[in-house]
Amino acid sequence: MADKDDVKEGKEFYVDVPAKNEPFYLKGSGSLDWGMQNRLARIFNPKSGRTVMLAFDHGYFQGPTTGLERIDVNIRPLAEHADVLMCTRGALRTSIPASNTKAIVLRCSAGQSILTELSNEAINVEIEDAIRLNACAMAAQVYIGAEYEHKSIMNVSKLIDTGLRYGIPTLAVTGVGAEMKRDMRYFLLATRIAAEIGAHYVKSYYFEPGFENVVAACPVPIVIAGGKKLPELEALEMAYNACQAGAAGVDMGRNIFQSDCPTGMIQAVNAVVHENETPKQAIKIYEHVKNEIAKN
């Protein structure tokens, strides 16, 4: 309680300094409440407006894929170099120390495996558990054109509605089936639907030509998926080209944790995303870290 003794009247009110409200920097997020914007600001670096999300939620339908056999060994050392950890609640509780201060984007859909139809998902995390885990966003797939398209859209809609009540944004992840063509027409449709139903940002794939049109047509930020493992330089080129075309960062998994030097690779990705380093410059970071580790 403030001491009532020696109370001094206010004198300096800066009447010559106009009051101003600083607009929120993130595309499509200007009308959101303070808590929602603050969580998004933990995901997207306020200086660059971009994010490096480290995705290791693959086990929820793939099991212990290469590079994720031991999350505590493979992923924990990489966390300091990421803006965001994209994971399941099981991986978070068992393998990531609570001293971690990186933003958490929580995988909230499940219900299938690689042995069954991938689009047949449901929401498996209640909002109360997302709050308990201090999640900055919740994520689920939208499978446009797949067998369970309607169900996946309603899954994301459910997350959006519950998240809005508690100030937690929703990430819609565009899931692409084997029969679907990864081209501009498809991603114009998928990303726009995700934004129109209320997703606060969208995860998509980079492709050429026409990715810049997809970004322009989507009223919320798009981050790109890393996808299958590529040679390191090619993965950096993909991230660079996507950001130059308007992407708000990457949600990269296999191209980091399956690299022969994951620590060097995530630092190189950071340089591309946040510092606009060219792939040829960024690959030198990867090679330097790899050489330093080899010496030790």
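**Entry 1: α11 and α12.** I note that α11 and α12 are roughly antiparallel to each other, because their packing angle of about 155° is over the 145 degrees that counts as roughly antiparallel. The model I am reading is predicted. I find α11 at residues 262–275, with its axis and that of α12 8 Å apart. I looked up the handedness and found that α11 and α12 make a right-handed crossing. On the α11 side I list T263, G264, M265, Q267, A268, A271 and V272, which meet A282, I285, Y286, V289 and I293 in α12. I sorted this contact of α11 with α12 by class and have nine nonpolar residues, three polar and no charged.

**Entry 2: α9 and α12.** I then turned to α9, residues 232–244, and α12, residues 279–295. I have an angle of about 130° for this pair, with the axes 9 Å apart. I therefore put α9 and α12 down as oblique to each other. I record that α9 passes α12 in a right-handed crossing. From α9, I list E232, L233, L236, E237 and Y240 in the contact; from α12, I list P279, K280, A282, I283 and Y286. For the contact of α9 with α12 I write seven nonpolar, three charged and no polar residues.

**Entry 3: α9 and α11.** How do α9 and α11 cross, and at roughly what angle? I find that their axes come within 9 Å and cross at roughly 25°. That angle makes α9 roughly parallel to α11, because angles under 35 degrees are counted that way. I again note a right-handed crossing, here for α9 and α11. I have E232, A235, L236, A239, Y240 and C243 of α9 in contact with M265, A268, V269, V272 and V273 of α11.

Entry 4: I went back over the lists for residues with two partners. In α9, I see E232, L236 and Y240 in the contact with α12, and I see E232, L236 and Y240 again in the contact with α11. In α12, I have A282 and Y286 meeting α11, and I have A282 and Y286 in the contact with α9 as well. In α11, I find M265, A268 and V272 meeting α12, and M265, A268 and V272 also in the contact with α9.

**Entry 5: second largest pocket.** I looked up the second largest pocket and have a volume of about 190 Å³ for it. I list its lining as R42, L92, R93, I96, P97, A98, N100, T101, K102, I104, L133 and N134. I divide that lining into six nonpolar, three polar and three charged residues.

**Entry 6: backbone.** N134 is not a glycine, yet I find its phi positive, near 60°. I place N134 in the loop between α5 (127–132) and β6 (137–142). I also found a cis peptide bond between E208 and P209, with omega about -5°. I place P209 in the loop between β8 (201–204) and α8 (211–217).

Definitions and conventions:
Residues are numbered from 1 along each chain as its sequence is written. This is a predicted model: local features need pLDDT of at least 70, side-chain atom pairs count only at pLDDT 80 or more; totals for chains, interfaces and linings use all residues. Side-chain values use heavy atoms; hydrogens and water are left out. Axes are lines fitted to C-alpha atoms, for helices over the stretch in contact, and angles run from 0 to 180 degrees between N-to-C directions. Helices (H or I, at least four residues) and strands (E, at least two) are DSSP runs, numbered from the N terminus. Angles under 35 degrees count as roughly parallel, over 145 as roughly antiparallel, 65 to 115 as roughly perpendicular and the rest as oblique. A crossing is left-handed if the near helix is turned anticlockwise from the far one by less than a right angle, and right-handed if clockwise. Contact means heavy atoms within 4.5 Å. Ala, Val, Leu, Ile, Met, Phe, Trp, Tyr, Cys and Pro count as nonpolar, Asp, Glu, Lys and Arg as charged, and the others, Gly among them, as polar. On a 1 Å grid over the protein atoms alone, a cavity is a set of points where a 1.4 Å probe fits but cannot get out, and a pocket is an open set with protein on both sides within 12 Å along at least five of seven lines; lining residues have an atom within 4 Å of a point. Grid points are joined across faces, edges and corners, and a volume is the space filled by probe spheres set on the points.
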